2 protein chains.
Amino acid sequence: MRLSQFHLHTTKETPSDAELTSHRLMLRAGMIRKLASGLYTWSPLGLRVLRKVERIVREEMDRAGAVEFQIPTIQPKELWEQTGRWQKFGPQLLKIKDRKEQTFCYSPTAEEAACDFARSELSSYKQLPVNFYQIQTKFRDEIRPRFGVMRAREFLMKDAYSFHLHDEDLVREYENMKVAYSRIFTRLGLDFRMVQADSGAIGGDASQEFHVIADSGEDALVFSTGSDYAANMEAAIAADPAARAAASEALRKVETPTQKTCEDVAALLGIDLQRTVKSVALIAGEGEAQQFVLALVRGDHEVNEIKLGKVAGLDEQRFASEAEIAEYLGSVPGFLGPVAPAKPIRVVADREVAAMSDFVVGANEAGFHLAGVNWGRDLAEPEVADIRNVRAGDRALDGGELKIARGIEVGHVFQLGRTYAKALDATVLDENGKAAVMTMGCYGIGISRVVAAAIEQNHDDAGIIWPDAMAPWQVVVCVINPKGDAGVADAAAALLQELRDAGLDAALDDRGLRPGAMFADMELIGIPHRVVVSERGLAAGTFEYRSRRAAEAESLDKATLLQRLQG
Amino acid sequence: MRLSQFHLHTTKETPSDAELTSHRLMLRAGMIRKLASGLYTWSPLGLRVLRKVERIVREEMDRAGAVEFQIPTIQPKELWEQTGRWQKFGPQLLKIKDRKEQTFCYSPTAEEAACDFARSELSSYKQLPVNFYQIQTKFRDEIRPRFGVMRAREFLMKDAYSFHLHDEDLVREYENMKVAYSRIFTRLGLDFRMVQADSGAIGGDASQEFHVIADSGEDALVFSTGSDYAANMEAAIAADPAARAAASEALRKVETPTQKTCEDVAALLGIDLQRTVKSVALIAGEGEAQQFVLALVRGDHEVNEIKLGKVAGLDEQRFASEAEIAEYLGSVPGFLGPVAPAKPIRVVADREVAAMSDFVVGANEAGFHLAGVNWGRDLAEPEVADIRNVRAGDRALDGGELKIARGIEVGHVFQLGRTYAKALDATVLDENGKAAVMTMGCYGIGISRVVAAAIEQNHDDAGIIWPDAMAPWQVVVCVINPKGDAGVADAAAALLQELRDAGLDAALDDRGLRPGAMFADMELIGIPHRVVVSERGLAAGTFEYRSRRAAEAESLDKATLLQRLQG
């Protein structure tokens, strides 16, 4: 590839609306261009990178025994209604009416359509297991598209759907996919972690996420120093707290005229924040089943909504209104507590709160808190659950310490189980000739997101630093003054051919730019290896080589250069 | 690839709603499965073929110097309004409202978005010429989707857009693309023709279509025996007719009580159909500019609407109503004619009609026609234009004879000119530093349609007959009783490896089917080369080879087999 024949278009301007480094660098490198909110055209340069990711994903899915297929992006409403997801997906689902007023959606994921394909294609257990995958455009109508392709509305995703007769077959394929994913992200040259995840709206039994580690990542990942335990914040679990100490203080009412937060109360009383308890007032359920719930976490902790939602009866809940707080607690916000409510309420205490003694809560009276509160003495023993976010420094289940890093989710594997297959009546005949509902796994990789995540992880002030496998070209041969002495252009062309013959994806920058501008471009677009061919170098029999990660260039003869690049 | 690990699913049932051979065979071979009207999932088998076409198209586009990019499938209304195509495209354009009530469409083609990309990326003539292409899903909301992927609503298309400063640059790239397209269809192994086309709704100056020749093709293609002239029916031109003979009959009114068609009138009068003239009553223009037009073609000819639309003032027209016919001609349908209308009308005669003498037309009176009609004597000399379809046997411009064959349009190249760039203000600075509107070409290939077209051209009673380049696998090694004697399975696996090492795309049918069922499958899915490994053959040191197009199998030793397959 000669860059004079390739459309390259970098810019020095820093786009004003790009908040994230990867978004800024992709725009400056000319990899993408915005067509509309959350919709990006991939330029030739950007698409080269996207296709490299796509190819590695495809190769590893094939190697793992999955077979590629392709489902339409436009899918009928009826199918989505059979699983209840037409409603459940909400406004993220882009709904479309065709000329005949039939309703469709633009596929944001394809469990239904894959299951529909499987129920038509599969009739016997002998055809199982099978894992169908596609690499296809998806659409999610994000309320606030931003960060470029990191959270675009239209994006490229690899989604796979496996079908099995027995649960153990699903587990086997799930493990197989985890291995394939690890190979993919390793080959891409990314620092990544597999973490336990909550399976969320897609549902199912087990799920793990693959994250690219990056300081800018929007997800907090939890690791243990004691083992390879890793989970995302929604799924992370700390060890049980130490046993509750005996009560040593008497219950007393303290004046806290303007202190509405645990921080303020602790400061006023001169006690540790860890001795206070935060009360969150919720209404769970509807109609007859509606109940007032007080969820309690330690003053320095945060409620984890996903964990809370898993407590029996709390899968659907909302914050209580001031009127409801007045009715049930006889209190006002800022002074809530579980002691002596106006009406009977349900109290759910985090494990840490249940292990506390002599603690402080709101007194259910404006301007007052209660101190020296103790379970079993001042109020009934609570219902106990893990409902908080873990924090760095918490003790891990394995005895180690929990650490937190930031990550960008790029992959997700789920054991879906039989939910979808049951809703869509996807059965096969089993070994005994009886119809059996299949069990299903699904496995996604955000192909376009991987590109942005790689940049978040690998960049410096000068621009992108691609891992070799993702780079638009591994090596670019820069020609100084290509229209000058013919020997230089010829030597560069010959070197390009040798690099290619050696199996390297190489290009020639023959655009005739001044060295400074040319080098700045190559750094901005993240070329891992740069070789300069100049008259002076040729005279000395050397080429100037610089790794994108190295501070200095080196003069190398051709043999050493080839050796270095192939290393 | 071992077919036991691949999802293959053929069926003997003939789908009831499949009218076209390719649709029927694709369903029977299990290449596609219908998700909804005009929406098809590509099975692993089907996708292998689609990807082979895609790869050849990509390689040849790259070779021709085009650079790949990718535009979102969802595009904002505003862009389409700037060129007026939001209206013009009509209900084929799938319109979509997002959650914020902004309006978009699913791209049926991408001139606007490509031009928008170009106007942002290109600022100087030095960046030209450039040809951007993409291989991307498209959507056209066909009123009657049918014929499977031949006319699906969602389909895969390669679309390219080139940008130039000067007209001659566009012509050069247009010729370059014609060469690339010829290489593509040649490499795909298809019998195809490039024909002159009308540039139609997309507009522009010149255009040619690429057709796969097939008896079932919906387009009539016109060829000349005298040169390589080829055109589609909309663009085909016959030679001028012979000069008009002198009038030899007197004008007379003849009774034709129930004869409303030229055929019936000719039969009644005992004359040749070629001596009658068909009158088509039209209303052209609107408001002040509205006019009544009588278009005349010979009794045995058909009006070509595209040609008619090119006559000045007739670009927008409709059939006249009975009331309008009564008002302007004082006549009723079946008895129309250009002689003595009730009001002044415009008469447009086809070239052949203008060259007639002593002809028959309607008398503008129910139950009567006029015979012996002559131009300049019985009515004024008409306005003359080529407004008819050519017919097989017509004399060609080059002196040869016109022949008609059927074709399936799979590619189209256009010289668009400056229409889009002007509407979207896509300019670059020219050699003199002045802003100049770019001129544009566009070049499409219906990738998914090529698959169906190839089947229409290549099939027999047993199924599909793929050209080698498009086949899911070039060669399949069929193992007789793979679970029996281990020697057979091992020999087959070894042969598979040798075939692969020889660069062939080979698979192993180790599914354990009986030979008859296995061979029927391989014929149905169109495998070009079949090799059978059996105990008996191994004992004799031979393999049974059969070409899909051959009537008989042959016993070959391994060296001969490899030679044959690589030939």
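**Close-up views of a predicted model**

View 1. The strands β5(B) and β6(B), the latter formed by residues 103-106 of chain B, run antiparallel and are joined by four bridges.

**View 2. The open sheet of chain B.** Three strands of chain B make up an open sheet in the order β4-β6-β5, and their pairing is antiparallel. The edges are formed by β4 (74-76) and β5 (94-97) of chain B, each of which pairs on one side only. On average, and with direction ignored, neighbouring strands of this sheet are turned by 40° against each other.

**View 3. The domains of chain A.** Chain A is divided into three parts, with domain 1 covering 3-237 + 404-456, domain 2 covering 252-385 and domain 3 covering 473-566. Taken over C-alpha atoms, the centres of domain 1 and domain 2 of chain A are separated by 39 Å.

**View 4. The interface of domain 1 and domain 2 in chain A.** Five residues of domain 1 of chain A are in contact with five residues of domain 2 of chain A, and the area buried between these two domains is about 400 Å², with carbon and sulfur atoms giving 43% of it. Of the area that domain 1 of chain A buries against domain 2 of chain A, 77% is supplied by D198(A), E234(A) and I237(A), more than by any other three residues. Two residue pairs are in polar contact between domain 1 and domain 2 of chain A, both at pLDDT 80 or more, whereas zero salt bridges are found across this interface.

How values were computed: Residues numbered from 1 in each chain as written. Chains lettered and ligands numbered in written order. Predicted model: local features only at pLDDT ≥ 70, side-chain atom pairs only at ≥ 80, totals over all residues. Heavy atoms only, no water. Pairing = 2+ DSSP bridges. Helix = DSSP H or I, 4+ residues; strand = E, 2+ residues; numbered from the N terminus. Axes fitted to C-alpha atoms, helices over the stretch in contact; angles between N-to-C directions. Domains from an automatic or database assignment. Contact = heavy atoms within 4.5 Å. Buried area = accessible area lost by both parts, 1.4 Å probe. Salt bridge = Lys/Arg side-chain N within 4 Å of Asp/Glu carboxyl O. Polar contact = N/O pair within 3.5 Å; in protein donor to acceptor, adjacent residues only side chain to side chain.
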